[in-house]
Amino acid sequence: EQKRNGRNGISIYDAQLQSEYIRKLRLKDRLIKAITEKKIQVYYQPIVDIETGKICKFEALTRWFDEEEGYISPVIFIEMAETYGLIGQLGRVVFEQACRDLAYMHNQGYDDICMSINRSVREFALYDQKYIYDIIDEHGLAYNKIMIEITESAALDEGNNILELLSEFAQKGICVAIDDFGTGYSSMSAIIANKPNVIKIDRNFIVDIEQSVESQILVSLVMDMSRKLHLDVVAEGVETKAQLQLLSKMGCHYIQGFYFSPAVNIDAAMVLLKQSNVCAITPC
Ligand code: C2E
Ligand code: MG
Ligand code: MG
Ligand code: MG
């Protein structure tokens, strides 16, 4: 039976493979174009101080609205960019835009706001990061208003120059956050050696924090560690008031998530800032 259907089966399969291959090639071409023409956008998600209800930071999250396929998740196009050797260029475009928009916020009177920017391991390993300082200087920003987010696994990767770079950042006053904490397999000593300023607890542990004893244990361990190491803790992916209240009770001071706002464009971010300045931010 296999044999009888074989030929047709294979040719249909081939056709599908081929069209998928062509789709990906075209997508790659459009990604290159979007990066070189700086059509990649940057959106901003507020990080809120629970105690004051005010926005203290934004996380810069890159966005690509492809002309043919529409919204493409950064998880997908960042991996593409890494595969095709475009991540250095993409990271630079995002960094420039985020610094420009942060300078704009400061010029509009919100001069305490910090900007948190993601970096992938590949970027650290393969591309010279010195341009970061030039861009920060160019916009007249203080180094301590910039935070670099690296994932837990990146922080552990000893085969690259990360430790060296992180201590250079620390000397300059640039903040470092360990992103997606709890999803990697870090040893305490590795985290401590990296001397981060901030730990961001992954959304996985927040989404079920009310039900899961394991998640509660992880969060309270992170809180204990942070007090001893004088780190700030951000809970990612907070979506409900109940989560917020529980986290607040556990001593977590900074919250990021859809409960307050998803990442929005710079105009909408300015509106959030205005609201947040007048009264405690109204959750959406
Ligand atoms: P991340 O750095 O952990 O960013 C947080 C992700 O969680 C964002 O997804 C954000 O939209 C999402 N999120 C925030 N609050 C909530 C919530 O309450 N509920 C849910 N369901 N999701 C929430 P996004 O924007 O799709 O980004 C995914 C990942 O892509 C990021 O995870 C980061 O690792 C990477 N990424 C995004 N922008 C950049 C960039 O400019 N450079 C690099 N290297 N990576 C980036
Ligand atoms: Mg992040
Ligand atoms: Mg994260
Ligand atoms: Mg993540």
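## The overall picture

Of the 284 residues in the protein, 48% are buried. Keep in mind as you look around that this is a predicted model. The chain is built from 12 helices and nine strands, and its C-alpha trace spans about 70 × 45 × 40 Å along the principal axes.

How does that fit with a compact globule? A compact globule of 284 residues would have a radius of gyration near 19 Å, and the protein comes in at 21 Å, which agrees.

## Who sits around ligand 1?

Let's turn to ligand 1, which has 23 residues surrounding it. The closest are Arg63, Asp179, Asp180, Glu239 and Phe258.

Now zoom in on some atom pairs. An oxygen atom of ligand 1 lies 2.9 Å from an N or O atom in the side chain of Asp180. With Glu123, the ligand uses a nitrogen atom, 3.3 Å from an N or O atom of that side chain. Ser120 takes part through its backbone instead: one of its polar backbone atoms is 3.4 Å from a nitrogen atom of ligand 1. On its own, ligand 1 has 800 Å² of accessible area, and the protein covers 82% of that.

## Asp180 and the magnesium ions

Asp180 turns up again at a metal. You'll find this residue in strand β6, which runs over residues 175–181. Asp180 (OD) and Asp180 (OD) coordinate the magnesium ion (ligand 4), at 2.7 Å.

How far apart are the magnesium ion (ligand 4) and the magnesium ion (ligand 2)? The separation is 5.6 Å.

## A helix with two sides

Helix α7 covers residues 162–172, and its buried residues include Ile162, Leu165, Leu166 and Phe169. Look down the axis of α7 and these buried residues fall within an arc of 100°, so they line one face of the helix. Here's the general idea behind that kind of pattern: an α-helix has 3.6 residues a turn, so residues three or four places apart point the same way.

What about the other side of α7? There, Glu164 and Gln171 are exposed. Just after the helix comes Gly173, which takes a positive phi of about 100°.

Is Arg119 buried or exposed? A residue counts as buried under 20% relative accessible area, and Arg119 has a relative accessibility of 4%, so it is buried. Arg119 belongs to the loop between β4 (114–118) and α4 (121–126).

Arg119 and Gly88 are 31 residues apart in sequence, and their C-alpha atoms are 9.8 Å apart in space.

## Two loop residues with positive phi

Which residues other than glycine are worth a look for their phi angles? One of them is Lys38, with a positive phi of about 55° even though it is not a glycine. Lys38 lies in the loop between α1 (2–36) and β1 (41–49).

His230 is another non-glycine residue with a positive phi, near 55°. Its place is the loop between α10 (213–229) and β8 (232–235). The cut-off for exposed is over 50% relative accessible area, and His230 has 70%, so His230 is exposed.

Definitions and conventions
Residues numbered from 1 in each chain as written. Chains lettered and ligands numbered in written order. Predicted model: local features only at pLDDT ≥ 70, side-chain atom pairs only at ≥ 80, totals over all residues. Heavy atoms only, no water. Donors = N, O, S within 2.8 Å, 3.2 Å for Na, K, Ca; no water. Helix = DSSP H or I, 4+ residues; strand = E, 2+ residues; numbered from the N terminus. Buried < 20%, exposed > 50% of the residue type's maximum accessible area, 1.4 Å probe, protein only. Arc of directions from axis to C-beta. Near = heavy atom within 4 Å. Polar contact = N/O pair within 3.5 Å; in protein donor to acceptor, adjacent residues only side chain to side chain. Areas by Shrake-Rupley, 256 points an atom, 1.4 Å probe, with all protein chains shown as cover. Rg over C-alpha atoms; globule rule 2.2 N^0.38 Å.
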